Amino acid sequence: MGSETAAAAAATVKIPLIDFSKTAPLKQDSLEWDSLRSQVGEAVEEYGCFEASFDEIPADSLSAVFKSVKELFDLPLETKLKNTSKKPLHGYVGQYPILPLYESMGIEDADVLEKVEGSTKSLWSHGNPAFSESIVFYTKQLSVLDQMVRRMIVESFGLEEYVDEHLNSTIYLLRMMKYKAAQTCDEEQGMHPHTDKDMITILCQNGVDGLEVKNKTDGQWIKCQFSRPTSFIVLVGDSLYAWLNGRVHSPVHRVTMSRSETRYSLGLFVVPKAGYVVKAPDEMVDEQHPLLFRPYDFVEFFKFYDTEAGQKSANALREYCGA
Ligand SMILES: O=C(O)CCC(=O)C(=O)O
Ligand SMILES: [Fe+2]
(Lines give C-alpha, C1' and ligand atoms only; values in the text may rest on other atoms or scores of the structure.)
(Ligands and ions follow the chains in the order given, each with its own letter.)
Protein backbone atom coordinates (compact mmCIF):
# COMPACT_ATOMS: atom_id res chain seq x y z
CA MET A 1 0.00 0.00 0.00
CA GLY A 2 1.38 3.45 -0.88
CA SER A 3 1.82 5.84 2.00
CA GLU A 4 -1.14 8.00 0.93
CA THR A 5 -3.42 4.97 0.65
CA ALA A 6 -2.18 3.70 4.02
CA ALA A 7 -2.87 7.10 5.57
CA ALA A 8 -6.38 7.14 4.07
CA ALA A 9 -7.06 3.60 5.37
CA ALA A 10 -5.81 4.58 8.83
CA ALA A 11 -8.00 7.67 8.77
CA THR A 12 -11.12 5.59 8.20
CA VAL A 13 -10.55 3.13 11.06
CA LYS A 14 -13.51 3.36 13.41
CA ILE A 15 -14.03 2.04 16.88
CA PRO A 16 -16.82 -0.57 17.02
CA LEU A 17 -20.42 0.56 17.44
CA ILE A 18 -22.47 -1.70 19.72
CA ASP A 19 -26.21 -1.23 19.81
CA PHE A 20 -27.75 -1.57 23.28
CA SER A 21 -30.87 0.33 22.29
CA LYS A 22 -33.02 -2.32 20.65
CA THR A 23 -32.87 -4.91 23.36
CA ALA A 24 -33.98 -3.10 26.52
CA PRO A 25 -34.94 -4.53 28.91
CA LEU A 26 -32.08 -6.85 28.18
CA LYS A 27 -32.32 -10.28 29.76
CA GLN A 28 -29.20 -12.10 30.88
CA ASP A 29 -28.75 -15.47 29.20
CA SER A 30 -30.80 -14.36 26.18
CA LEU A 31 -29.44 -14.63 22.64
CA GLU A 32 -29.21 -10.83 22.48
CA TRP A 33 -27.18 -10.80 25.69
CA ASP A 34 -24.76 -13.40 24.33
CA SER A 35 -24.37 -11.53 21.04
CA LEU A 36 -23.69 -8.19 22.74
CA ARG A 37 -21.33 -9.86 25.21
CA SER A 38 -19.16 -11.23 22.43
CA GLN A 39 -19.11 -7.83 20.68
CA VAL A 40 -18.15 -6.12 23.95
CA GLY A 41 -15.48 -8.76 24.71
CA GLU A 42 -13.89 -8.37 21.29
CA ALA A 43 -13.99 -4.55 21.40
CA VAL A 44 -12.32 -4.26 24.81
CA GLU A 45 -9.55 -6.65 23.80
CA GLU A 46 -8.85 -5.07 20.40
CA TYR A 47 -9.59 -1.37 20.96
CA GLY A 48 -10.14 -0.98 24.72
CA CYS A 49 -13.22 1.03 23.81
CA PHE A 50 -16.42 1.13 21.78
CA GLU A 51 -19.30 3.39 20.94
CA ALA A 52 -22.50 2.33 22.69
CA SER A 53 -25.89 3.30 21.40
CA PHE A 54 -28.07 3.44 24.51
CA ASP A 55 -31.54 5.01 24.54
CA GLU A 56 -32.38 5.08 28.25
CA ILE A 57 -31.64 8.80 28.58
CA PRO A 58 -34.24 10.73 26.56
CA ALA A 59 -32.95 13.55 24.33
CA ASP A 60 -34.60 16.24 26.47
CA SER A 61 -32.93 14.88 29.63
CA LEU A 62 -29.56 14.98 27.86
CA SER A 63 -30.19 18.59 26.80
CA ALA A 64 -31.11 19.40 30.42
CA VAL A 65 -27.80 17.93 31.61
CA PHE A 66 -25.75 19.92 29.11
CA LYS A 67 -27.71 23.07 29.99
CA SER A 68 -26.80 22.47 33.66
CA VAL A 69 -23.16 21.86 32.77
CA LYS A 70 -22.95 25.11 30.80
CA GLU A 71 -24.61 26.97 33.69
CA LEU A 72 -21.98 25.56 36.03
CA PHE A 73 -19.00 26.63 33.91
CA ASP A 74 -20.57 30.08 33.40
CA LEU A 75 -20.24 30.71 37.16
CA PRO A 76 -17.47 33.13 38.18
CA LEU A 77 -14.07 31.47 38.60
CA GLU A 78 -13.93 32.31 42.33
CA THR A 79 -17.19 30.38 42.83
CA LYS A 80 -16.01 27.34 40.84
CA LEU A 81 -12.80 27.30 42.87
CA LYS A 82 -14.94 26.72 46.00
CA ASN A 83 -15.67 23.19 44.77
CA THR A 84 -12.54 21.72 46.28
CA SER A 85 -11.82 18.14 47.29
CA LYS A 86 -9.07 16.52 49.30
CA LYS A 87 -8.99 13.81 46.65
CA PRO A 88 -7.01 14.52 43.49
CA LEU A 89 -9.03 15.39 40.36
CA HIS A 90 -12.32 15.34 42.27
CA GLY A 91 -13.02 19.09 42.60
CA TYR A 92 -12.51 21.99 40.18
CA VAL A 93 -9.58 21.60 37.79
CA GLY A 94 -8.54 24.27 35.32
CA GLN A 95 -6.45 27.35 34.62
CA TYR A 96 -3.46 25.15 33.69
CA PRO A 97 -1.05 27.13 31.49
CA ILE A 98 -0.25 23.97 29.50
CA LEU A 99 -3.96 23.17 28.90
CA PRO A 100 -5.52 26.62 28.49
CA LEU A 101 -8.74 25.36 26.86
CA TYR A 102 -9.62 22.89 29.62
CA GLU A 103 -11.70 23.14 32.79
CA SER A 104 -13.48 20.41 34.70
CA MET A 105 -15.47 19.75 37.83
CA GLY A 106 -16.05 16.45 39.58
CA ILE A 107 -18.92 15.17 41.71
CA GLU A 108 -18.37 12.00 43.71
CA ASP A 109 -21.30 9.60 44.23
CA ALA A 110 -23.18 11.38 41.46
CA ASP A 111 -26.00 8.83 41.68
CA VAL A 112 -26.81 9.93 45.26
CA LEU A 113 -29.03 13.05 45.44
CA GLU A 114 -27.82 14.21 48.88
CA LYS A 115 -24.18 14.03 47.74
CA VAL A 116 -24.86 16.01 44.59
CA GLU A 117 -26.91 18.57 46.55
CA GLY A 118 -23.97 18.91 48.98
CA SER A 119 -21.63 19.76 46.09
CA THR A 120 -24.05 22.24 44.54
CA LYS A 121 -24.41 24.17 47.82
CA SER A 122 -20.75 25.24 47.53
CA LEU A 123 -21.60 26.66 44.07
CA TRP A 124 -25.12 28.07 44.50
CA SER A 125 -25.88 29.26 48.03
CA HIS A 126 -29.44 27.89 47.95
CA GLY A 127 -28.49 24.79 45.96
CA ASN A 128 -29.80 24.18 42.45
CA PRO A 129 -32.46 21.43 42.44
CA ALA A 130 -32.77 21.35 38.63
CA PHE A 131 -29.00 20.83 38.30
CA SER A 132 -28.86 18.13 41.01
CA GLU A 133 -31.85 16.25 39.67
CA SER A 134 -30.60 16.19 36.08
CA ILE A 135 -27.14 14.99 37.19
CA VAL A 136 -28.55 12.21 39.39
CA PHE A 137 -31.00 11.05 36.71
CA TYR A 138 -28.21 10.97 34.11
CA THR A 139 -25.86 9.01 36.38
CA LYS A 140 -28.50 6.50 37.47
CA GLN A 141 -29.59 5.80 33.90
CA LEU A 142 -26.01 5.43 32.70
CA SER A 143 -25.17 3.15 35.62
CA VAL A 144 -27.48 0.62 33.92
CA LEU A 145 -25.19 0.64 30.88
CA ASP A 146 -22.10 0.43 33.12
CA GLN A 147 -23.45 -2.57 35.04
CA MET A 148 -24.44 -4.39 31.84
CA VAL A 149 -21.09 -3.76 30.17
CA ARG A 150 -18.99 -4.80 33.16
CA ARG A 151 -21.12 -7.91 33.75
CA MET A 152 -20.56 -8.86 30.11
CA ILE A 153 -16.80 -8.27 30.34
CA VAL A 154 -16.47 -10.29 33.54
CA GLU A 155 -18.58 -13.12 32.06
CA SER A 156 -16.61 -13.14 28.84
CA PHE A 157 -13.49 -14.08 30.82
CA GLY A 158 -15.35 -16.90 32.60
CA LEU A 159 -15.33 -15.04 35.93
CA GLU A 160 -19.09 -15.31 36.64
CA GLU A 161 -18.50 -15.93 40.34
CA TYR A 162 -16.78 -12.53 40.67
CA VAL A 163 -19.57 -10.49 39.04
CA ASP A 164 -21.22 -9.29 42.26
CA GLU A 165 -17.94 -8.56 44.02
CA HIS A 166 -16.75 -6.60 41.01
CA LEU A 167 -19.95 -4.61 40.49
CA ASN A 168 -20.07 -3.72 44.20
CA SER A 169 -16.45 -2.59 44.35
CA THR A 170 -16.97 0.78 42.65
CA ILE A 171 -18.54 4.22 42.95
CA TYR A 172 -19.47 6.81 40.32
CA LEU A 173 -17.43 9.97 39.91
CA LEU A 174 -18.99 12.26 37.34
CA ARG A 175 -16.62 14.78 35.76
CA MET A 176 -18.05 17.59 33.70
CA MET A 177 -15.64 19.03 31.17
CA LYS A 178 -15.47 22.23 29.16
CA TYR A 179 -13.01 22.79 26.30
CA LYS A 180 -12.97 26.31 24.93
CA ALA A 181 -13.03 26.50 21.14
CA ALA A 182 -9.59 26.44 19.50
CA GLN A 183 -8.22 29.98 19.48
CA THR A 184 -6.34 29.60 16.18
CA CYS A 185 -7.04 27.83 12.90
CA ASP A 186 -4.72 24.99 13.95
CA GLU A 187 -5.68 21.95 15.98
CA GLU A 188 -5.11 22.63 19.65
CA GLN A 189 -4.67 20.24 22.54
CA GLY A 190 -7.74 20.05 24.77
CA MET A 191 -6.41 17.22 26.90
CA HIS A 192 -3.03 15.55 26.69
CA PRO A 193 -2.67 11.83 25.83
CA HIS A 194 -3.33 9.61 28.86
CA THR A 195 -4.97 6.40 30.00
CA ASP A 196 -7.80 6.49 32.54
CA LYS A 197 -6.95 5.06 35.94
CA ASP A 198 -10.43 3.80 36.85
CA MET A 199 -12.28 0.60 35.86
CA ILE A 200 -14.21 2.07 32.96
CA THR A 201 -15.23 5.52 31.78
CA ILE A 202 -18.41 6.37 29.87
CA LEU A 203 -18.22 9.59 27.86
CA CYS A 204 -20.85 11.74 26.22
CA GLN A 205 -20.48 15.09 24.42
CA ASN A 206 -22.55 18.08 23.29
CA GLY A 207 -22.18 17.39 19.56
CA VAL A 208 -18.71 18.91 19.22
CA ASP A 209 -16.08 16.27 18.38
CA GLY A 210 -12.53 16.10 19.73
CA LEU A 211 -11.94 12.75 21.42
CA GLU A 212 -9.25 10.58 19.80
CA VAL A 213 -8.10 7.10 20.77
CA LYS A 214 -4.70 5.63 19.87
CA ASN A 215 -5.05 2.45 17.86
CA LYS A 216 -3.27 -0.44 19.58
CA THR A 217 -2.19 -2.05 16.30
CA ASP A 218 -0.63 0.85 14.38
CA GLY A 219 -0.43 3.72 16.88
CA GLN A 220 -2.62 5.98 14.69
CA TRP A 221 -5.12 8.32 16.32
CA ILE A 222 -8.72 7.28 15.66
CA LYS A 223 -11.23 10.15 15.77
CA CYS A 224 -14.16 9.01 17.91
CA GLN A 225 -17.55 9.64 16.45
CA PHE A 226 -20.65 9.90 18.54
CA SER A 227 -22.67 8.87 15.53
CA ARG A 228 -26.12 8.96 17.16
CA PRO A 229 -27.62 11.50 19.55
CA THR A 230 -27.78 8.68 22.12
CA SER A 231 -24.17 7.54 21.64
CA PHE A 232 -21.69 7.10 24.46
CA ILE A 233 -18.02 6.11 24.26
CA VAL A 234 -17.05 3.39 26.74
CA LEU A 235 -13.31 3.25 27.56
CA VAL A 236 -11.41 0.65 29.59
CA GLY A 237 -9.28 2.13 32.40
CA ASP A 238 -6.02 0.90 33.92
CA SER A 239 -7.72 -0.67 36.95
CA LEU A 240 -9.80 -3.02 34.80
CA TYR A 241 -6.66 -3.79 32.78
CA ALA A 242 -4.90 -4.65 36.07
CA TRP A 243 -7.83 -6.63 37.52
CA LEU A 244 -8.04 -8.74 34.35
CA ASN A 245 -4.24 -9.05 34.35
CA GLY A 246 -3.80 -7.46 30.93
CA ARG A 247 -6.56 -9.34 29.07
CA VAL A 248 -8.20 -6.07 27.99
CA HIS A 249 -6.61 -2.98 26.47
CA SER A 250 -6.52 0.35 28.30
CA PRO A 251 -6.28 2.84 25.45
CA VAL A 252 -4.32 6.08 25.34
CA HIS A 253 -6.67 8.89 24.38
CA ARG A 254 -6.66 12.69 24.10
CA VAL A 255 -8.87 15.59 23.13
CA THR A 256 -8.00 17.78 20.14
CA MET A 257 -9.98 20.93 19.48
CA SER A 258 -10.15 22.04 15.89
CA ARG A 259 -13.40 23.94 15.67
CA SER A 260 -14.70 27.29 16.67
CA GLU A 261 -17.25 25.84 19.07
CA THR A 262 -17.01 25.08 22.77
CA ARG A 263 -17.05 21.41 23.62
CA TYR A 264 -18.76 20.10 26.75
CA SER A 265 -18.37 16.49 27.73
CA LEU A 266 -19.38 14.31 30.64
CA GLY A 267 -17.25 11.46 31.91
CA LEU A 268 -18.78 8.89 34.21
CA PHE A 269 -15.70 7.44 35.94
CA VAL A 270 -16.31 4.07 37.52
CA VAL A 271 -13.79 4.19 40.35
CA PRO A 272 -12.84 1.51 42.93
CA LYS A 273 -14.23 2.30 46.41
CA ALA A 274 -11.95 3.57 49.18
CA GLY A 275 -10.24 0.59 50.78
CA TYR A 276 -10.91 -1.79 47.87
CA VAL A 277 -7.76 -3.60 46.82
CA VAL A 278 -7.50 -4.26 43.09
CA LYS A 279 -6.17 -7.81 42.79
CA ALA A 280 -6.36 -10.02 39.71
CA PRO A 281 -8.36 -13.22 40.40
CA ASP A 282 -6.15 -16.35 40.43
CA GLU A 283 -7.93 -17.56 37.27
CA MET A 284 -6.37 -14.65 35.33
CA VAL A 285 -2.80 -15.61 36.23
CA ASP A 286 -0.92 -18.50 34.60
CA GLU A 287 2.34 -19.25 32.82
CA GLN A 288 1.30 -17.39 29.67
CA HIS A 289 -0.10 -14.53 31.75
CA PRO A 290 2.27 -13.83 34.65
CA LEU A 291 0.98 -11.35 37.24
CA LEU A 292 1.42 -7.78 35.91
CA PHE A 293 0.65 -5.76 39.04
CA ARG A 294 0.88 -6.34 42.78
CA PRO A 295 -2.49 -5.82 44.54
CA TYR A 296 -3.05 -2.11 45.15
CA ASP A 297 -5.41 0.23 46.96
CA PHE A 298 -6.83 2.49 44.25
CA VAL A 299 -7.05 5.59 46.46
CA GLU A 300 -3.36 5.26 47.41
CA PHE A 301 -2.39 4.71 43.76
CA PHE A 302 -4.39 7.76 42.74
CA LYS A 303 -2.51 9.86 45.30
CA PHE A 304 0.75 8.70 43.69
CA TYR A 305 -0.65 9.54 40.22
CA ASP A 306 -1.28 13.08 41.44
CA THR A 307 2.38 13.62 42.48
CA GLU A 308 4.98 15.08 40.13
CA ALA A 309 6.52 11.62 39.68
CA GLY A 310 3.12 10.10 38.89
CA GLN A 311 2.25 12.81 36.39
CA LYS A 312 5.62 12.52 34.64
CA SER A 313 5.54 8.73 34.47
CA ALA A 314 4.76 7.16 31.09
CA ASN A 315 3.00 4.35 32.96
CA ALA A 316 2.07 5.40 36.49
CA LEU A 317 0.43 2.10 37.44
CA ARG A 318 3.45 0.04 36.38
CA GLU A 319 5.73 2.41 38.27
CA TYR A 320 3.51 2.24 41.38
CA CYS A 321 2.92 -1.50 41.62
CA GLY A 322 4.32 -3.29 38.54
CA ALA A 323 5.07 -6.93 39.52
O1 LIG B 1 -13.66 14.97 27.15
C2 LIG B 1 -13.47 13.85 26.71
O3 LIG B 1 -14.11 13.39 25.76
C4 LIG B 1 -12.40 12.97 27.32
C5 LIG B 1 -12.00 13.35 28.71
C6 LIG B 1 -11.00 12.39 29.29
O7 LIG B 1 -10.36 11.63 28.62
C8 LIG B 1 -10.79 12.37 30.76
O9 LIG B 1 -11.32 13.23 31.46
O10 LIG B 1 -10.09 11.47 31.24
FE1 LIG C 1 -9.54 10.07 29.86
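Two strands pair if DSSP finds at least two bridges between them. Helices (H or I, at least four residues) and strands (E, at least two) are DSSP runs, numbered from the N terminus.

This is a predicted model, in which local features need pLDDT of at least 70, side-chain atom pairs count only at pLDDT 80 or more, and totals for chains, interfaces and linings use all residues. Residues are numbered from 1 along each chain as its sequence is written, and chains are lettered from A and ligands numbered from 1 in the order in which they are written.

**Stop 1: the eight-stranded sheet**

Select the strands in the order E1-E2-E10-E7-E12-E5-E4-E3; these eight form an open sheet with mixed pairing. At its edges are strand E1 (17-19) and strand E3 (92-94), each of which pairs on one side only. Neighbouring strands are turned by 25° against each other on average, direction ignored (axes are lines fitted to C-alpha atoms, for helices over the stretch in contact, and angles run from 0 to 180 degrees between N-to-C directions).

Next, display E7 and E12, an antiparallel pair joined over six bridges. Thr201 stands opposite Phe269 in E12.

**Stop 2: the four-stranded sheet**

Select E6-E11-E8-E9, which in that order make up an open antiparallel sheet of four strands. Strand E6 (188-194) and strand E9 (221-223) are at the edges with a single partner strand each, so one side of each has no neighbour in the sheet. The twist averages 25° from one strand to the next. Within this sheet, strand E8 (residues 211-214) pairs with E11 in the antiparallel sense over three bridges, and Glu212 has Arg254 in E11 as its bridge partner.

**Stop 3: the shell of ligand 1**

Show ligand 1 and the residues around it: Arg175, Met177, Met191, Asp196, Leu203, Gln205, Leu211, His253, Val255, Ser265 and Gly267 (a residue is near a molecule or strand if its C-beta atom, placed from the backbone, lies within 6 Å of it). At least two residues of this shell come from each of strand E5 (170-179), strand E7 (200-205), strand E11 (253-257) and strand E12 (263-272). By class, the shell has five nonpolar, four polar and two charged residues (Ala, Val, Leu, Ile, Met, Phe, Trp, Tyr, Cys and Pro count as nonpolar, Asp, Glu, Lys and Arg as charged, and the others, Gly among them, as polar).

**Stop 4: helices H2 and H6**

Select helix H2 (residues 31-46), which lies across E1, strand E2 (49-53) and strand E10 (231-236) and runs at about 160° to E1. Leu36, Arg37, Val40, Gly41 and Val44 of H2 meet Val149, Met152, Ile153, Glu155 and Ser156 of H6 (two residues are in contact if their C-beta atoms, placed from the backbone, lie within 7 Å). This contact has six nonpolar, two polar and two charged residues.

**Stop 5: helix H3 on H6**

Finally, select helix H3 (residues 59-73) with helix H6 (residues 129-156): they pack at an angle of about 130°, and their axes are 9 Å apart. That makes H3 oblique to H6. On the H3 side, the contact is made by Ser61, Ala64, Val65, Ser68 and Glu71, and on the H6 side by Ala130, Phe131, Ser134, Ile135, Phe137 and Tyr138.

How values were computed. Angles under 35 degrees count as roughly parallel, over 145 as roughly antiparallel, 65 to 115 as roughly perpendicular and the rest as oblique.
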